[in-house]
Amino acid sequence: IWKLPCSFFPLQSQLSQALNGLSDRAKEAKEFLVQLRNMVQQIQENSVEFEACLVAQCDALIDALNRRKAQLLSRVNKEHEHKLKVVRDQISHCTVKLRQTTGLMEYCLEVIKENDPSGFLQISDALIRRVHLTEDQWGKGTLTPRMTTDFDLNLDNAPLLQSIHQLDFVQMKVSSPVPAPPILQLEECCTHNNSATLSWKQPPLSTVQVEGYILELDDGNGGQFREVYVGKETMCTVDGLHFNSTYSARVKAFNKSGVSPYSKTLVLQTSEDTQSEEQTLPFPVPLERSQLRRMSPFSSTLNLQPSFSGRSYFELRSSAHQLSLHSSLQSLNSAVAWFSFDPSSAHADIIFSNDNLTVTCNSYDDRVVLGKTGFSKGLHYWELSIDRYDNHPDPAFGVARIDVLKDAMLGKDDKAWAMYVDNNRSWFMHNNSHTNRTEGGITKGATVGVLLDLTRRTLTFSINEDQQGPVAFENLEGLFFPAVSLNRNVQV
């Protein structure tokens, strides 16, 4: 009988254990192959879904571009209709004047042929005055076209083309970005005595998660900002501020990824401590909005920056009488807000001087400039002086939204309500619609007054303190900025 070596059984056990380990690896490999085959199927399904999503996104971009194309074509058509209307109006006006002039000339020639000296002497003086008067009516600028034939529109598509060329995929699974800067809602901000209520929101298109907000005010003396509120609310009332002091306020948002940039800064001016309980500045907050109150050792009243050379009168609830263009300025001295023209929102062709109280333009085309202060409540009146007026241009004066067209006459779009005026007459214009032609124009040294009554929701104009035409516009609502459009022939 053959005897097995004594080392046989331990080796057999070791081999068996090794086979068990290898069997486990083989089993894991089979499961991994199944997983890979499932991944192939999943990749195919995800590819179809991703391609469909990509096509939908690109189609949405194309649809947006087509809609924008239609809007731009509509603007070109409006410009076309406006140019035709202005030229046809001038043709009609000139034709009537030419017919009157020709008739007078023919009549005068017949009178000259008259052989009766006594009859001629009776009418000669009146005819001579009439001829001179008619000649004066063909004054400088009458035979100058009011409209150019060029379409001064240039589509700036370079940024969009660059964005299209840079359009690419981004990694989807990234950490959440920081929030966008909040937007202060001016129409919901208010002040009362020595407290201020501020309201804000996230930008409309922002989809980034926000965990809270930080509201900061300075010390009312130009010092450092400090936190007065941290939390999730979007409205805060700050109490216990100093009367008759000026502060700055700003807000930022935060989430787990970090803190947003600050919002735009509001300048706040508190009430005087003698001010009546019934006096309230613009931008009242709806009572149904719940307010978070925060006590703080300094105080304020919303008053958006000083102003250009006109006065703005806030609503005074204690007054029983409606202010007119000829109201006494002295009685409202404590409610005056001065403001200047705003370089940051003006067209690049606007030229500023005199601490931004004076503007002109380096272009023959009309360009728009706004005032720094926006109004949504109360009664406001300001005046503009015509420092230079050459070649009978037609500047426009009125109010506008912040996003009004800056490269066209004020009132050409639906974002402005204006009166444009030349040396003889004026018209009201909104959304490129002209109404209420009124005789009487401007010259160098003239004063144009603008009365924005947001209590009655009306806009009225004056020239040299006399009302020009009827009430220009009614049913005004929202936030309005003082606005002017002018070319290089005008300085205001």
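This is a predicted model: local features need pLDDT of at least 70, side-chain atom pairs count only at pLDDT 80 or more; totals for chains, interfaces and linings use all residues.
**Stop 1: Asp218**

Select Asp218. This residue sits in the loop between strand E4 (212-217) and strand E5 (226-231). Asp218 is buried, yet has no salt bridge. Which side chain of opposite charge is nearest to Asp218? That is Arg226, 7.4 Å away. A salt bridge needs the nitrogen and the carboxyl oxygen within 4 Å, so Arg226 does not qualify as a partner. The side chain of Asp218 reaches the backbone nitrogen of Ser248 at 3.1 Å.

**Stop 2: Glu216 and Arg250**

Next, select Glu216 and Arg250. They form a salt bridge, with the closest N and O atoms 3.0 Å apart. The pair ties together distant parts of the chain: Glu216 lies in strand E4 and Arg250 in strand E7 (residues 246-255), 34 residues apart. Glu216 and Arg250 are both buried.

**Stop 3: Arg367 and Asp349**

Move to Arg367 and Asp349. Here the closest N and O atoms of the salt bridge are 2.9 Å apart. Arg367 belongs to strand E15 (residues 367-370), while Asp349 is in the loop between strand E12 (336-337) and strand E13 (350-353). The two are 18 residues apart. Buried or exposed, Arg367 and Asp349? Both are buried.

**Stop 4: Glu477 and Arg457**

Select Glu477 and Arg457. Their salt bridge has its closest N and O atoms 3.6 Å apart. This pair joins two loops: Glu477 lies between strand E24 (466-467) and strand E25 (481-486), and Arg457 between strand E22 (447-453) and strand E23 (458-463). Glu477 counts as exposed because its relative accessibility is 59%. Arg457, at 32%, counts as partly exposed.

Then pick Asp422, Arg425, Arg437 and Glu439. Salt bridges with shared partners join these residues into one network. How many salt bridges are there by this rule? The count is 15.

**Stop 5: the nonpolar cores**

Turn to Leu452 and Leu459. They have the most contacts inside the largest nonpolar core, which has 35 residues. Strands that each supply at least two residues of this core include E14 (358-361), E16 (379-385), E22 and E23. Show the surroundings of Leu452. Leaving out residues up to four places away in sequence, Leu452 touches Phe375, Trp382, Val399, Leu459 and Phe480, among others.

Finish with Leu184, Leu241, Tyr247 and Leu266. These are among the members of a second, separate core of 20 residues.

How values were computed:
Residues are numbered from 1 along each chain as its sequence is written. Side-chain values use heavy atoms; hydrogens and water are left out. Helices (H or I, at least four residues) and strands (E, at least two) are DSSP runs, numbered from the N terminus. Buried means under 20% relative accessible area, exposed over 50%, partly exposed in between (1.4 Å probe, protein chains only). Lys and Arg count as positive and Asp and Glu as negative; His and the chain ends are not counted. A polar contact is a pair of N or O atoms within 3.5 Å; within protein, one must be able to donate a hydrogen and the other to accept it, and residues adjacent in sequence count only if both atoms are side-chain atoms. A nonpolar core is a set of buried Ala, Val, Leu, Ile, Met, Phe, Trp, Tyr and Cys residues joined through side-chain atoms within 4.5 Å. Contact means heavy atoms within 4.5 Å.
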